[in-house]
Amino acid sequence: MRIALCDDQKTLLEELSGMIDRFNEDNQLSGELIYFSRPASLYSYMITSSIDVIIMDLVFKNTGDDGIDWSKKILRKFPNTIIIILTAYESRYKEGYEARAFRFMTKPVQEKELFNYLSACRKELQLNETISLIRRGIPQQIPLQDIFYLSAQSGGSELWTRSDMYAREESLLQWEQQLPSTIFFRCHKKYLVNLNHVTGFDNHMLTLTNGEKIPVSRRKWKAFLTAFMKYDIQRGRS
């Protein structure tokens, strides 16, 4: 992840930098950190260079800049950017959600909370990734978030999205090895499901956001519950 820290307090930037380095080390990630003391400088930088995640202060005492106002401006121009706002002012949470801030993080920053939020950011970014498929000779980019599940078929597999089914030569095992295990779970010998689309589960059956039912094998049930709970907590859906 390319992360931008935007704050006018040097000590806080150093503190956050150390925590993010530990997060990357724990998760064997090679991230990049970029520092800005003013939102305007960050915005100018993003005109030519991409940023995945911004950790933005709410109040810039030295310049009078407002983090929520700048978050609105950034997200209008760069809607796929994830913004976490740093604040001690709970009274402004509603404004932040209206600005489509991904999370609020309270000061002083707690490492556990930051790690949870960064894990959620990773999942959000993974959902925005795409895979390349060719259908009727036409290349298509399919966002991972659009995939509901994959099913094993004789000689290959079927990939089911919001609006289409794609017959593929790849086996379910090949898909399992290719797709991120934090999002896709092999719940059955014939099914690989996107955890983001699971809305309920009971009696070894999953209910998806499109209403379809997917079976979970008995030997996979406990592993599914663990994977789904971890996914749900880290993505902050509950």
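**Notebook: helix α1 and its neighbours**

I began with the packing of two helices in this predicted model, and found that helix α1 (residues 10–26) and helix α5 (residues 111–128) pack at an angle of about 55°, their axes lying 10 Å apart. Angles of 65 to 115 degrees would count as roughly perpendicular and those under 35 degrees as roughly parallel, and α1 and α5 are therefore oblique to each other. I also noted the hand of the crossing of α1 and α5, which is right-handed.

Next I listed the residues that meet: from α1 these are L16, M19, I20, R22, F23 and D26, and from α5 they are E111, L114, F115, L118, S119 and R122.

I then checked the length of α1: at 1.5 Å a residue its 17 residues should span 24 Å, and the end C-alpha atoms are 25 Å apart, which agrees.

Which residues of α1 are buried? I find L12, L13, L16, S17, M19, I20, F23 and N24. The buried residues of α1 pack against α5 and also against the strands β1 (2–6), β2 (32–36), β3 (53–57) and β4 (82–87). An α-helix has 3.6 residues a turn, so residues three or four places apart point the same way. After α1 comes Q28, where I noted a positive phi, near 55°.

Last, I looked up I68, which is found in helix α3 (residues 67–77). I68 counts as buried because its relative accessibility is 0%. The C-alpha atoms of I68 and E113 are separated by 20 Å, the two residues being 45 residues apart along the chain.

Conventions
Residues are numbered from 1 along each chain as its sequence is written. This is a predicted model: local features need pLDDT of at least 70, side-chain atom pairs count only at pLDDT 80 or more; totals for chains, interfaces and linings use all residues. Side-chain values use heavy atoms; hydrogens and water are left out. Axes are lines fitted to C-alpha atoms, for helices over the stretch in contact, and angles run from 0 to 180 degrees between N-to-C directions. Helices (H or I, at least four residues) and strands (E, at least two) are DSSP runs, numbered from the N terminus. Angles under 35 degrees count as roughly parallel, over 145 as roughly antiparallel, 65 to 115 as roughly perpendicular and the rest as oblique. A crossing is left-handed if the near helix is turned anticlockwise from the far one by less than a right angle, and right-handed if clockwise. Contact means heavy atoms within 4.5 Å. The expected span of a helix is 1.5 Å times one less than its number of residues. Buried means under 20% relative accessible area, exposed over 50%, partly exposed in between (1.4 Å probe, protein chains only).
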